[in-house]
Amino acid sequence: MVTQSMTIHVYGRVQGVGFRYQTYHWAKKNKLLGYVRNMDDGSVKIVACGSEEQIEKLIHWLENGGPPGSKIEHFQSQVCEAEEMDDFSIRH
């Protein structure tokens, strides 16, 4: 299985609406590795590691609005260096 890593910065109403918590559960259910964290500029950063299919599924989920209660205005994604991770977590 080819593993790839992607960093995604999500902008919009994504803090204070359970975005990290729901993204965490979505990622665990879909067997992704990585983390989600709030950024100082009001965005949320997701680092996701998994198969190409898993990453595409995450992008599709975000394109369709992501977690209920959030309002994604736009997001930017880029392939990044794979970090050694053995789980998906919420970082503070």
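# Helices, sheet and core

Modeller: Within helix H1 of this predicted model, the residues Phe19, Thr23, Trp26 and Ala27 are buried. They cover an arc of only 95° around the axis, which puts them on the same side of H1.

Biologist: What makes a residue buried or exposed, and what is the arc?

Modeller: A residue is buried under 20% relative accessible area, exposed over 50% and partly exposed in between, with a 1.4 Å probe and protein chains only. The arc is taken from the directions that lead from the helix axis to the C-beta atoms. On the face of H1 turned away from its buried side are the exposed residues Tyr21 and Lys29.

Biologist: How are the residues numbered, and which conditions apply to the model?

Modeller: Numbering starts from 1 along each chain as its sequence is written. As the model is predicted, local features need pLDDT of at least 70, side-chain atom pairs count only at pLDDT 80 or more, and totals for chains, interfaces and linings use all residues, while side-chain values use heavy atoms, with hydrogens and water left out.

Biologist: Why is a stretch called a helix or a strand?

Modeller: Both names refer to DSSP runs, numbered from the N terminus: a helix is a run of H or I with at least four residues, and a strand is a run of E with at least two. Helix H1 covers 19-29 and helix H2 covers 52-63.

Biologist: Why does the span of H2 agree with that of a helix?

Modeller: The expected span of a helix is 1.5 Å times one less than its number of residues. For the 12 residues of H2 this gives 16 Å, and the end C-alpha atoms are 16 Å apart, so the two values agree.

Biologist: Which residues of H2 are buried?

Modeller: Gln54, Ile55, Leu58, Ile59, Trp61 and Leu62 are buried in H2. Their arc around the axis is only 160°, and therefore they lie on the same side of H2. Glu53 and Glu63 are exposed on the face turned away from that buried side. An α-helix has 3.6 residues a turn, so residues three or four places apart point the same way.

Biologist: What covers the buried residues of H2?

Modeller: The cover includes E1, H1, E3 and strand E4 (71-80).

Biologist: What makes a set of residues a nonpolar core?

Modeller: The members must be buried Ala, Val, Leu, Ile, Met, Phe, Trp, Tyr or Cys residues, joined through side-chain atoms within 4.5 Å. The largest such core has 19 residues, of which Ile8, Val10, Phe19, Leu32, Ile46, Leu58 and Leu62 touch the most other members. Strand E1 (3-13), H1, strand E3 (44-51) and H2 each give two or more residues to this core, and H2 gives the most, with 5 residues. In soluble globular proteins, nonpolar side chains tend to be buried together.

Biologist: Which residues does phenylalanine 19 touch?

Modeller: Contact means heavy atoms within 4.5 Å. Leaving aside residues up to four places away in sequence, phenylalanine 19 touches Val10, Val14, Val44, Ile46, Leu62, Pro67, Ser70 and Ile72.

Biologist: How do you know that two strands pair?

Modeller: Two strands pair if DSSP finds at least two bridges between them. E1 and E3 have 8 bridges and are antiparallel; threonine 3, for instance, stands opposite serine 51 in E3. E1 and E4, also antiparallel, are joined by 9 bridges, and valine 10 stands opposite phenylalanine 75 in E4. E2 and E3 run antiparallel with 6 bridges.

Biologist: In what order do the strands form the sheet?

Modeller: The open sheet has 5 strands in the order E4-E1-E3-E2-E5, with mixed pairing. E4 and strand E5 (88-91) stand at the edges with a single partner strand each, so one side of each has no neighbour in the sheet.

Biologist: How does H2 lie against the strands?

Modeller: H2 lies across E1, E3 and E4 and runs at about 145° to E3. Axes are lines fitted to C-alpha atoms, for helices over the stretch in contact, and angles run from 0 to 180 degrees between N-to-C directions.
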